[in-house]
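Here is a brisk report on one protein chain.

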Amino acid sequence: MTEFAIPRSIFSDEHNQFRDAARRFFEREVAPHHAQWEKDGIVPREAWLKAGAAGFLCATMPEEYGGSGADRLYSTILMEEQGYIGASGPGFSLHSDIVAPYILNYGTEEQKQKWLPKMASGEVIGAIAMTEPGTGSDLQGVKTTAIRDGNEFVINGQKTFITNGQNADLVIVVTKTNPKEGAKGMSLFLVEAGREGFTKGRNLEKLGMHAQDTSELFFSDVRVPPENMLGGEGQGFFMLMQELAWERLQIAIMSVAGCEAALKWTVEYTRNRKAFGKSIGDFQNTRFQLAEIKTETQVARVFVDKCIELVAQNKLDVATAAMAKYWCSDLQNKVIDRCLQLHGGYGFMWEYPIARAYADARVQRIYGGTNEIMKELISRTL
């Protein structure tokens, strides 16, 4: 990608070799097919199986559960390389770095053995169902219930905007086992596709991320045994809070990769596009715009790399992760808007990656907790 004055120091030679392999995989197995996947509204399971066979799913899971026991720098590389080719479709990072860690960190040995190896191979695709039609960033307000009935829990409710929703074989469902208890009444359940009463609604039509299947999910008297509970009863909110810092940093990582990709595409375009007898890149306005974008992206890169270091040391706090998520996703939207403008009319054409990036980037300020919620979290530290 774009070379910066401050070299990155967080990766070893092994990481860089892994990056080369990841880049080849995304260029060979994802980039040529992504336009068709956008038309289809879904990434085929074959692509998931290829990613699993290459070792690019659940890489941070221990070897005994099918992973490589790799650190989160390997996850970072996969997110970045996917971002560099503008491929928003594959929900690999949610599957590998959000769903799988919940099972690893809070699941029973039986749950880990049952699900993680198949998630690492791509045989099982994972999703997490938090958001509801009337509940966005307010997780404590979820209405989906899981009420004990004899030796089972009965789940009723509705979820929406669920990434990997159509493909999912296994969904972590956020519920209230004690609706009167608020946050203390929340529990997580593993719900398999095909359980009676669990149905997948339509594949939602979105502004961007057209290749990513995003769905409504419905639960009507879905019966699950107690062994499908993840962690202890009433521990759901605690588990969600423990994992959110890393989840939000992932958005920042993808945001900076998006800025770097947009800058690269725009430098190439303005160098080759001619107007008034010279390349667009020779105009002072273009040079100044690109100088600003490169500077802002470098600032974001250094901050996010420091946050990645903190994650590796288990020292990333909630407020710092919120800073990274809000600032970098805001920056991504600003950068891509300015890069699109420098493309002129071609920037409005879907065949150009900058147009697709513009549509894909908008949700970064919304999911993972809106940027307004991020500012609220930061303000509590003042």
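Buried means under 20% relative accessible area, exposed means over 50%, and partly exposed lies in between (1.4 Å probe, protein chains only). Tyrosine 346 counts as partly exposed, because its relative accessibility is 37%.

This is a predicted model: local features need pLDDT of at least 70, side-chain atom pairs count only at pLDDT 80 or more, and totals for chains, interfaces and linings use all residues. Residues are numbered from 1 along each chain as its sequence is written, and side-chain values use heavy atoms, without hydrogens and water.

**Overall fold**

The chain holds 11 helices and 10 strands. These are DSSP runs, numbered from the N terminus: helices (H or I) have at least four residues, strands (E) at least two. The C-alpha trace spans about 80 × 50 × 40 Å along its principal axes. The radius of gyration is 21 Å, which agrees with the value near 21 Å for a compact globule of 382 residues. That radius is taken over C-alpha atoms, and the globule rule is 2.2 Å times the number of residues to the power 0.38.

Of the 382 residues, 54% count as buried. Take contacts (heavy atoms within 4.5 Å) between residues at least 6 apart in sequence: 75% of them join residues at least 24 apart.

**Aromatic pairs**

The whole structure has 11 aromatic pairs. Rings of Phe, Tyr and Trp (its six-membered ring) pair if their centres lie within 6.5 Å; planes under 30 degrees apart are stacked, over 60 edge-to-face, and the rest tilted. Two of the pairs are tabulated here.

| Pair | Centre to centre | Angle between planes | Type |
|---|---|---|---|
| Phenylalanine 18 and tyrosine 74 | 4.9 Å | 75 degrees | edge-to-face |
| Tyrosine 346 and tyrosine 352 | 5.5 Å | 45 degrees | tilted |

Phenylalanine 18 lies in helix H1 (residues 13-30) and tyrosine 74 in helix H4 (residues 72-84), so their pair ties together parts that are 56 residues apart in sequence. Both phenylalanine 18 and tyrosine 74 are buried. Ring pairs also link Phe18, Phe25, Phe26, Phe56 and Tyr74 into a cluster.

**A loop residue**

Aspartate 282 sits in the loop between strand E10 (278-279) and helix H8 (284-312). With a relative accessible area of 43%, aspartate 282 is partly exposed. The C-alpha atoms of aspartate 282 and threonine 270 are separated by 8.2 Å, and the two residues are 12 residues apart along the chain.
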